Amino acid sequence: MILAQALDATYWGFLGRGIGAILLYAVIGTLMMLIGFWAIDLTTPGKLPQMVRAGLPNAVTITAAGMISMAFIIVLAIYASYGSLLQGVISSLVFGLIGIIAQVGAVRLLEWVTGIDIGEIIQSEEPRAAAKVVAAAHVALGLIVAVAVF
């Protein structure tokens with residue numbers, strides 16, 4: 001009680017807004033990660049969730065890299081948001097969605113230019129070197145897009 005009296009009322013409002021922002025951005029971040037996973041799955045031949053659950057090594061590697069790259073984009077979209085909480089939420093959603101679209105499109109373009117048959121690679125039960133190239137492209141392009149957001 002003494003601590004509560006020692007801190008002025010503005011502190012408790014600040015603390016409440018901070019907790020609310022954390023919870024709100026956690027929900028937004030989770031939603032954006034799900035959208036990012038869906039975008040990777042949608043643009044990848046086959047059912048990616050099933051291949052990951054089956055433990056296909058190339059599907060797991062590429063999906064993990066894709067999720068990390070999406071996290072880079074989302075984290076910097078949230079970090080770069082400014083203004084009121086509402087403005088921050090809106091800019092995080094807009095920058096995050098555009099970033100996800102740009103990142104997925106860039107990876108698919110890179111696969112096309114290099115002639116990598118992603119469908120064949122992710123369904124293979126043996127690790128393939130090309131899966132590492134695609135995974136590296138996900139991470140690299142995710143960083144590029146994330147920094148562009150910032």
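**Alanine 137 and its surroundings**

Trainee: Leaving aside its neighbours within four places in sequence, which residues is alanine 137 in contact with?
Mentor: This is a predicted model, in which local features need pLDDT of at least 70 and side-chain atom pairs count only at pLDDT 80 or more, whereas totals for chains, interfaces and linings use all residues. Residues are numbered from 1 along each chain as its sequence is written, and side-chain values use heavy atoms, with hydrogens and water left out. Contact means heavy atoms within 4.5 Å. Leaving aside neighbours within four places in sequence, the contacts of alanine 137 are Val107, Leu110 and Gly142.

Trainee: Is alanine 137 buried or exposed?
Mentor: Alanine 137 lies in helix α7; helices (H or I, at least four residues) and strands (E, at least two) are DSSP runs, numbered from the N terminus. A residue is buried under 20% relative accessible area, exposed over 50% and partly exposed in between, with a 1.4 Å probe and protein chains only. The relative accessible area of alanine 137 is 8%, so this residue is buried.

Trainee: What distance separates the C-alpha atoms of alanine 137 and alanine 65?
Mentor: Along the chain, alanine 137 and alanine 65 are 72 residues apart.

**Two leucines**

Trainee: Does leucine 42 count as buried or exposed?
Mentor: Leucine 42 has its place in helix α2. Its relative accessibility is 56%, and therefore leucine 42 counts as exposed.

Trainee: How many Å apart in space are leucine 143 and glycine 115, C-alpha to C-alpha?
Mentor: Leucine 143 is found in helix α7, and is partly exposed with a relative accessible area of 40%. In sequence, leucine 143 and glycine 115 are 28 residues apart. From C-alpha to C-alpha, the distance between them is 23 Å.

Trainee: What is the radius of gyration of the protein?
Mentor: The protein has 7 helices and 0 strands. It is more spread out than a compact globule, because the globule rule gives 15 Å for 150 residues and the radius of gyration is well over that. The radius is taken over C-alpha atoms, and the rule is 2.2 Å times the number of residues to the power 0.38. For this protein, the radius of gyration is 19 Å.

Trainee: What percentage of the residues of the protein count as buried?
Mentor: The C-alpha atoms fill a box of roughly 65 × 30 × 20 Å, taken along the principal axes. Of the 150 residues, the share that counts as buried is 37%.
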